[in-house]
Amino acid sequence: MIETKNLTKIYRTDEVETTALNQINIRINEGEFVAIMGPSGCGKSTLMNILGLLDNPDQGEYFFMDQEVGRFRERQRTQLRKGNIGFVFQSFNLIDELTVYENIELPLIYQKLSAKERKEKVSAVMERLKLIPRKSHFPMQLSGGQQQRVAVGRALVVSPKLILADEPTGNLDSRNGDEVMGLLQELHTQGTTIVMVTHSPAYADAAQRVIHLFDGQVVSENFSPSFHT
């Protein structure tokens, strides 16, 4: 599903040039659950932005579903993201003025689905994530774990082929973090491809494979101890 070849990203200012990614070569198969680890500033977020078609590399190639997309213009990237990629962020990124239902529905409005189709899809996701009782609540009325569940619902509602989770448990206590990780594992067993950035070795073990970054480079890859073929 994902393959990068010598992927490089350089940030430049008038005085400083910073290589955020330095010839990254990774391959992620459809249906895999992969964790990405590394210290702050190692390039994890930059890599996730490129994998999520939010940014382009400066050098190298990025293949998404067998299509080279590294040179896509913003409009092309936006079109490809729709229905293919769902995002779950550390800070939830919910809209405070919208209810749980409306937050989950939002991506479907951009897809220009009918009200009937939107209602069917949102209701199915809310039932799956046990959010029906919270349907009319606003984000500020929810716990952190509940907010992240809504964020997962917003990612899921478009039936994406890939979910990118950037520190999805970073703002949660251990109980809510475990709940969100259990949810991601469940989605993986149902066939969703998941790429997750995490600082937690315990949560990384929930993935099949762990990719370690350091100074913008892949320094190691290994299967998680808990993963059995």
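A pocket here is an open set of points on a 1 Å grid over the protein atoms alone, with protein on both sides within 12 Å along at least five of seven lines, and its lining residues have an atom within 4 Å of a point. The model is predicted, so local features need pLDDT of at least 70 and side-chain atom pairs count only at pLDDT 80 or more, while totals for chains, interfaces and linings use all residues. Residues are numbered from 1 along each chain as its sequence is written, and side-chain values use heavy atoms, with hydrogens and water left out.

**Exercise 1. Describe the largest pocket and its lining.**

Step 1: start with the residues. The lining has 18 of them, and Ile-85, Phe-87, Pro-107, Tyr-110 and Arg-154 lie nearest the centre.

Step 2: locate the elements. Helices (H or I, at least four residues) and strands (E, at least two) are DSSP runs numbered from the N terminus. Helix H2 (74–81), strand S7 (85–89), helix H3 (100–110) and helix H5 (144–156) each give at least two lining residues.

Step 3: sort by class. Ala, Val, Leu, Ile, Met, Phe, Trp, Tyr, Cys and Pro count as nonpolar, Asp, Glu, Lys and Arg as charged, and the others, Gly among them, as polar. The lining then splits into 9 nonpolar, 6 polar and 3 charged residues.

**Exercise 2. Which strands stand at the edges of the open sheet of 6 strands, and why is one side of each left without a neighbour?**

Step 1: write the order, S7-S8-S9-S4-S10-S11, with mixed pairing.

Step 2: read off the ends. S7 and S11 (217–223) each have a single partner strand, so one side of each has no neighbour in the sheet.

Step 3: check two pairs. S8 (residues 162–166) and S9 (residues 193–197) are parallel over 5 bridges, and Asp-166 is bridged to Val-197. S10 (residues 209–214) and S11 are antiparallel over 6 bridges; their hairpin has 2 residues between the strands, with Asp-215 in the turn at a positive phi of about 50°.

**Exercise 3. Is Thr-46 buried or exposed?**

Step 1: recall the cut-offs: buried is under 20% relative accessible area, exposed over 50%, and partly exposed in between (1.4 Å probe, protein chains only).

Step 2: apply them. Thr-46 counts as buried because its relative accessibility is 12%; Asp-178, at 46%, is partly exposed.

Step 3: place the residues. Thr-46 belongs to helix H1 (residues 44–51), and Asp-178 to helix H6.

Technical notes
1 Å grid on protein atoms, 1.4 Å probe; cavity = no way out; pocket = protein on both sides within 12 Å on 5 of 7 lines; lining within 4 Å. Pairing = 2+ DSSP bridges.
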